[in-house]
Protein chains: 2
Amino acid sequence: MKPSIPKGTRDFGPQDVQKRNYLFSIIREVFIRFGYQQIETPTLENLSTLTGKYGEEGDKLLFKVLTNVSGEENAPAKRGLRYDLTVPFARFVVMHQNELHFPFKRFQIQPVWRADRPQKGRYQEFYQCDADIVGSPSLMYEAELAQIFDLVFAKLGIPVHIEVNNRKVLSGIAEVFGISDHFTAMTMAIDKWDKIGPDGVVREMTQRGISAEIAEKLIEVLGNNDLEYYRDLLKNSETGSLGIAELDTFWKYLSGYNTTNKIIFSPFLARGLGYYTGCIFEVKATTVEMGSIGGGGRYANLTEIFGLPNMPGVGISFGAERIFDVMETLNLFPSHFSERIKVLFIAFDEPSHLYAFNALSKVRENGICSDIYPDPTKLKKQIKYASDNQIPFVAIAGETEVESNQFMFKNLETGEQKSYTLEELISFLKN
Amino acid sequence: MKPSIPKGTRDFGPQDVQKRNYLFSIIREVFIRFGYQQIETPTLENLSTLTGKYGEEGDKLLFKVLTNVSGEENAPAKRGLRYDLTVPFARFVVMHQNELHFPFKRFQIQPVWRADRPQKGRYQEFYQCDADIVGSPSLMYEAELAQIFDLVFAKLGIPVHIEVNNRKVLSGIAEVFGISDHFTAMTMAIDKWDKIGPDGVVREMTQRGISAEIAEKLIEVLGNNDLEYYRDLLKNSETGSLGIAELDTFWKYLSGYNTTNKIIFSPFLARGLGYYTGCIFEVKATTVEMGSIGGGGRYANLTEIFGLPNMPGVGISFGAERIFDVMETLNLFPSHFSERIKVLFIAFDEPSHLYAFNALSKVRENGICSDIYPDPTKLKKQIKYASDNQIPFVAIAGETEVESNQFMFKNLETGEQKSYTLEELISFLKN
């Protein structure tokens, strides 16, 4: 039997795990620095929690879970795998509302599962990294989330544009053009701008019942990204003006802050999903074609679906898998990690092997990542094990070293070598 | 609709996640220090990988996964949830054998799922923390794994005994007593010593076909925990003597090493599971009744089930959920974590709120976990938010502070307060 893993899933070997941990730890550190608290929800949710929350298409992509335990053999599935982090978070807030202090700032870094057709860069099991605030309408949080995007991508070394728009501005535009009834058609279409271009967007809109004349005029208008232009355009639309005011407040909070990356007003940004109601965000790498690598926005009510009204919120999500690919493409991962093994002990015979193992224990007591070849076998084989595992130094012990209470310490990269006592060796590796 | 989560699963709120992260990070740090490399395997495995690997009982406890995607609606389940970390690791080694360098030292900290009847302390979704070495028969690794147990529990502050035995010693004893045919009956019975006592063990053995006379004699013999006694007892058993020699080598490697906790030869330790073939371990807290909180042992062949022979290994596992409970009982978690929010900014009006938000951005640029109340609302309400979130300091800004370019900095625990410039505030919080 030749073993395999399901299509759309992945094994992560040591190098991939180190890279992924590096990526997650930077996102995590920034979330924590900004006062977000980590929660975790179970992989298994009741199907009733998940069903109907992601549209008809989403329902089809839910993984359902069965057991063989007695009484359940032929029963329909009652559990499903987490499909995103938002619905479980909403459920969490409702279930724990009496233990939480609002506004509640949480982050969550966990895998989710979707029965999508596997293809390059799309997996059935992948990580999401979300930060949300619930229980406050303050626009200050929008500013804070933009700062988080900026800082994370600065730390990762990925040059990005952070695009900002406001659903109320889009709504005002629809009002001005008299197509409020076709608002979803409009946002769904302009959302595809990057993929299908202006002609494509016009075609999409006309197919969805917007006249070609209006569609073309709309494209022309949206090409303008000067906020002052929209302030004037929307001055008679209450909703539109409110959207402009929200963007003003957002920028007011950022006025004293120097970002590494540009934050750009982008009228074409629509975030097709119906549930956003205020500011919306999307992040794009400027030096690689990759689509959106982060996004988010304000929603009027997160928890209404579970019976708890008046819980406005705003949140962002990092597209971890795409960010990983961007970092590989731009060669942004460190060439080696602080957690790598620094020295491999190598011995010539049984007594020196025991001598080396005792020394190794002392090295490890000093918090230094270190190892030993398990047998006093051929030197060449042991050296090969060190280089195969990217270990930069070896500490060799034979009869002479045991007698003089030293080690032959060798830099495998330069070939340089030197006799060291154990104390000298530890002090060298600590610095 | 009142939301709930499936029985046997758990939400982890911020405090629990901090504690769990603390526990996992200590285990992780020690694994890495000892040269183990982290891997991750998918949650979803092919059912064919899992089925038949955990006995009949295990097969019943597997969670099976279905989808609604076209072509799969009525098909039987082909995927299952990870049931432990050992079988996926064996599969990983076989699939990636050409990329790995042996001996391969890996660790893995991931959740597993079992459709067990939920009860106190037993969950359907829980974490395992495993470290294994495959591709070497060296007894040095047994010594290293005992050191890892010792160091992790020392760091956590849990006093433990690390019990050691060898399956070959048990096999030799069965030989000497002429009950080699009843070896499994014997190990299964003595494994329950802690739970059912000597009379219970004798009863178990007689029920499984061992004569009462032999069973009672066996209990008497096993009461002796002097290795020299067994060396003599087993001198004519080849297997038994080999087991004694293995324990000698194990102790030889530890001879130069001072452990925090006692490592004890325990003839009653049997690890009922059939697959161990050499040294076996079990860890018990000495000041709390909790059963085993760690265990492991040597196996002759990890990967044979997937067609790759000659892959001996040895590994250990930390019982994370039980260790968590022990730490709660003994009050061993830090009272607060380094990642907590250190200061909350508080403002009296709109201008001072903006002033405070700009200052906060600078504080965060200095890597300090910090936050601000989102609106310039009543002082009392903002102070309450700080204490509800266990934030030790507040930095208050009103008209006076904006004018003097300062903050009223207050220690919420002592009530002490002082005017600070932003620089003074940052420098105070950094130390």
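Begin by selecting chain A, whose radius of gyration (taken over C-alpha atoms) is 28 Å, whereas a compact globule of 431 residues would have one near 22 Å, the globule rule being 2.2 Å times the number of residues to the power 0.38. This is a predicted model, in which local features need pLDDT of at least 70 and side-chain atom pairs count only at pLDDT 80 or more, while totals for chains, interfaces and linings use all residues. Residues are numbered from 1 along each chain as its sequence is written, chains are lettered from A and ligands numbered from 1 in the order in which they are written, and side-chain values use heavy atoms, with hydrogens and water left out.

With the C-alpha trace of chain A displayed, turn to its principal axes, along which the trace spans about 90 × 60 × 45 Å. Next, colour chain A by domain, using bounds that come from an automatic or database domain assignment: domain 1 takes in 14-169 + 259-330, and domain 2 takes in 343-430. The centres of domain 1 and domain 2 of chain A, taken over C-alpha atoms, are separated by 46 Å.

Switching to a cartoon of chain A shows 16 helices and 16 strands, which are DSSP runs numbered from the N terminus (H or I, at least four residues, for helices; E, at least two, for strands). Of the 431 residues in chain A, 56% are buried, where buried means under 20% relative accessible area, exposed over 50% and partly exposed in between, with a 1.4 Å probe and protein chains only. Among the contacts in chain A with a separation of 6 or more, 67% are between residues 24 or more positions apart, a contact meaning heavy atoms within 4.5 Å.

Now move to chain B and select helix H5, residues 140-156, where B:Glu142 is found. B:Glu142 is buried, with a relative accessible area of 1%, and, not counting residues up to four places away in sequence, B:Glu142 touches B:Phe250, B:Cys279, B:Phe281, B:Arg298 and B:Val314.

Continue to B:Ala146, also placed in helix H5 of chain B, which counts as buried because its relative accessibility is 0%. Once neighbours within four places in sequence are left aside, the contacts of B:Ala146 are B:Ile162, B:Phe250, B:Leu254, B:Ile263 and B:Phe281. As a last stop, select B:Ser180 together with B:Ala146: these residues are 34 apart along the chain, and 29 Å separates their C-alpha atoms.
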